[in-house]
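Here are my notes on the model, as you asked. Please read them with the coordinates open.

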Amino acid sequence: AATMTADKKRIVSCSGDRAIKVWNLDKRFVERTLERCADSVTAVAISKDGKYIATARGDKKIKVWNLSTGKEKGTIKGHSDAPHTLLFTPDGQHLVSASKEKSIKVWNLDSGREERTLEGHYKPVLAVAMTSDGKYIVSGSAEWTIKVWNLDTGK
């Protein structure tokens, strides 16, 4: 998995060596390795402002990192399967995750607590996206459906 910062200056990658690496594209080198995970990294996301990285792992945990310092901000637990898609809300206040559980979870980044679970798919959720205003989450699942969710109401 890999993703790029909005300013296109860095890429965060997670690969078969189980290392989470931050690459500097201008200088073409690895700025830092955040962690070598005992389990596979299944997804990665960067906040719009470039302050935070989120990584999902095979052990069902999500870790949030400060991109500038490389320090871990916290660990989020609550999935019963490994999350395979992540995204930050545009305001950077929440993280959205999905796995084979057939639902989408919305996490408060300050507290690390689950704020909402969006349920309605009957097969695994494969992808999530968000509107630029942060009001709606769009999800696609293995049942060949796309759903649009209001972040405030969960419907």
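This is a predicted model: local features need pLDDT of at least 70, side-chain atom pairs count only at pLDDT 80 or more; totals for chains, interfaces and linings use all residues.

1. Salt bridges, overall. The structure holds four salt bridges. Three of them are taken up in turn below.

2. Arg10 and Glu31. Their side chains meet in a salt bridge, at 3.0 Å from N to O. Arg10 belongs to strand S2 (residues 10-14) and Glu31 to strand S4, so the contact ties together parts that are 21 residues apart in sequence. Arg10 is partly exposed, at 26% relative accessible area. Glu31 is also partly exposed, at 25%.

3. Lys63 and Glu72. Here the side chains form a salt bridge with an N to O distance of 3.3 Å. Is Lys63 buried or exposed? Lys63 counts as buried, because its relative accessibility is 11% and the cut-off for buried is under 20%. Glu72 has 38% relative accessibility and counts as partly exposed.

4. Glu114 and Lys105. This pair makes a salt bridge at 3.4 Å, N to O. Lys105 is buried, with a relative accessible area of 8%. Glu114 is partly exposed, at 36%.

5. The largest pocket. How much space lies in the largest pocket? The volume is about 180 Å³. Strand S5 (41-46) and strand S9 (85-88) each supply at least two residues of the lining. The residues lining this pocket include Val44, Ala45 and Ile46, along with Leu86, Leu87 and Phe88. Thr3, Ser47, Lys48, Thr89, Pro90 and Ser132 are also among the lining residues. By class, the lining has seven nonpolar, four polar and one charged residues.

6. Nonpolar surface patch. Which residues make the nonpolar surface patch of about 290 Å²? The patch is made by Met4, Trp23, Leu25 and Val30. Val30 sits in strand S4, which spans residues 29-36. Val30 is partly exposed, with 30% relative accessible area. Strand S4 also holds Glu31, from the salt bridge with Arg10.

7. Positive phi at Lys8. Lys8 is not a glycine, yet its phi is positive, near 60°. Where is Lys8 found? Lys8 is in the loop between strand S1 (2-4) and S2. Lys8 counts as exposed, because its relative accessibility is 57% and the cut-off for exposed is over 50%. Please check the backbone here by eye.

8. Positive phi at Lys60. Lys60 also has a positive phi, about 80°, and is not a glycine. Lys60 lies in the loop between strand S6 (52-57) and strand S7 (61-66). At 37% relative accessibility, Lys60 is partly exposed.

9. Thr117 is partly exposed, with a relative accessible area of 27%.

Terms used. Residues are numbered from 1 along each chain as its sequence is written. Side-chain values use heavy atoms; hydrogens and water are left out. Patches are made of residues with over 30% relative accessible area and no salt bridge: like charges are joined within 9 Å, nonpolar side chains (Val, Leu, Ile, Met, Phe, Trp, Tyr) within 5 Å. Accessible areas come from the Shrake-Rupley method with a 1.4 Å probe; for residues, only the protein chains shown count as cover. Helices (H or I, at least four residues) and strands (E, at least two) are DSSP runs, numbered from the N terminus. Buried means under 20% relative accessible area, exposed over 50%, partly exposed in between (1.4 Å probe, protein chains only). On a 1 Å grid over the protein atoms alone, a cavity is a set of points where a 1.4 Å probe fits but cannot get out, and a pocket is an open set with protein on both sides within 12 Å along at least five of seven lines; lining residues have an atom within 4 Å of a point. Grid points are joined across faces, edges and corners, and a volume is the space filled by probe spheres set on the points. Ala, Val, Leu, Ile, Met, Phe, Trp, Tyr, Cys and Pro count as nonpolar, Asp, Glu, Lys and Arg as charged, and the others, Gly among them, as polar.
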